[in-house]
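Please open the structure in your viewer and keep the sequence panel beside it.

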Amino acid sequence: LTTNGSMLSADLQFDVEQYRAAGFYVLTHLLTKDTLSIAHSRVDEILQRKHETVSSSWLMNLHTTGEDWIIELATDPLLLDRVITPIFGADVVLLRSQLFAKPPNNTGCALDHQTVPWHQDGLESTTHSPPVSSASTLEPLTVWIALDQVCTNNGTMQVIKGSHLKGFRSHQLSNNTPENFDNCIDIEKESGWDPSDL
């Protein structure tokens, strides 16, 4: 599966300094309509094929199972030239991919409805012993792409602005809510998207 030319919007703009200061950067309308159509089609088929006991939140490394569109997306020249290379240079590794689907109305298996706890992306890839790969000494970057509209009511991602500047921290489960943190930001609000469009 492929599209003609880039899988990403030609007007993709990225500010590396803003990314480094905040620890995240929101790109709106990242995918072309053709790419989004392909992704929806492939994800629908993947979810239909999976066993009912398998969580749709933890479908890992599908790019190694023939889902070449994920490889094409991860290696898209626009993504590499405008986002990845300004941060890391040319020495990068795709450590893993993950399909994270949250079915509505308590459908799916029990694991699909667990809240994702606060965490720091990349922690396991830099502290795992023995190293999970040669990439374990490199700075991690997560590219989170929402294929559906997300808002506070249906589970948008939240981030703690600037928390990366304090380095990696030990992790333990807690009952902290967004109100317990300074600089907690909903990606929905940061993107300027209006949830009334749902």
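Rings of Phe, Tyr and Trp (its six-membered ring) are taken to pair if their centres lie within 6.5 Å, and planes under 30 degrees apart count as stacked, over 60 as edge-to-face and the rest as tilted. This is a predicted model, in which local features need pLDDT of at least 70 and side-chain atom pairs count only at pLDDT 80 or more, whereas totals for chains, interfaces and linings use all residues. Residues are numbered from 1 along each chain as its sequence is written, and side-chain values use heavy atoms, with hydrogens and water left out.

**The whole chain**

Begin with a cartoon of the protein chain, where helices (H or I, at least four residues) and strands (E, at least two) are DSSP runs numbered from the N terminus. The chain has six helices and four strands, and their order along the sequence is α-α-β-α-α-β-α-β-β-α. If you colour by accessibility, 28% of the 198 residues count as buried; buried means under 20% relative accessible area, exposed over 50% and partly exposed in between, with a 1.4 Å probe and protein chains only. Contact here means heavy atoms within 4.5 Å, and of the contacts between residues at least 6 apart in sequence, 74% join residues at least 24 apart.

**The aromatic cluster**

Next select Phe14, Tyr19 and Tyr25, which form one aromatic cluster; two aromatic pairs are found in the whole structure. The rings of Phe14 and Tyr19 have centres 5.9 Å apart and planes at 45°, so this pair is tilted. In the pair of Phe14 and Tyr25, the centres are 4.9 Å apart and the planes stand at 70°, so the geometry is edge-to-face. Phe14 lies in the segment before helix 1 and Tyr25 in the loop between helix 1 and helix 2, so this second pair ties together parts that are 11 residues apart in sequence. Phe14 is buried at 17% relative accessible area and Tyr19 is buried at 10%, whereas Tyr25, at 27%, is partly exposed.

Keep Phe14 selected and show its surroundings: leaving aside neighbours within four places in sequence, Phe14 is in contact with Tyr19, Tyr25, Arg82, Val83 and Ile87.

**The nonpolar cores**

A nonpolar core is a set of buried Ala, Val, Leu, Ile, Met, Phe, Trp, Tyr and Cys residues joined through side-chain atoms within 4.5 Å. The largest one has 24 residues, and Leu8 and Phe14 have the most contacts inside it. Helix 1 (16-22), helix 2 (33-49), helix 3 (68-74) and helix 4 (77-88) each supply at least two residues of this core, and helix 4 gives the most, with five residues. A second, separate core of five residues includes Phe24, Val159, Ile185 and Ile187.

**Helix 4**

Now look down the axis of helix 4 and select its buried residues, Leu78, Leu79, Val83, Ile84 and Ile87. They cover an arc of only 140° around the axis, taken from the directions from the helix axis to the C-beta atoms, which puts them on the same side of helix 4. Pro77 and Asp81 are exposed on the other side of helix 4, while the cover over its buried residues includes helix 1 and helix 3.

Finish at the two ends. At the start of helix 4, a side-chain oxygen of Asp76 reaches to within 2.9 Å of the backbone nitrogen of Leu78, and just after helix 4, Gly89 takes a positive phi of about 85°.

Notes: A polar contact is a pair of N or O atoms within 3.5 Å; within protein, one must be able to donate a hydrogen and the other to accept it, and residues adjacent in sequence count only if both atoms are side-chain atoms.
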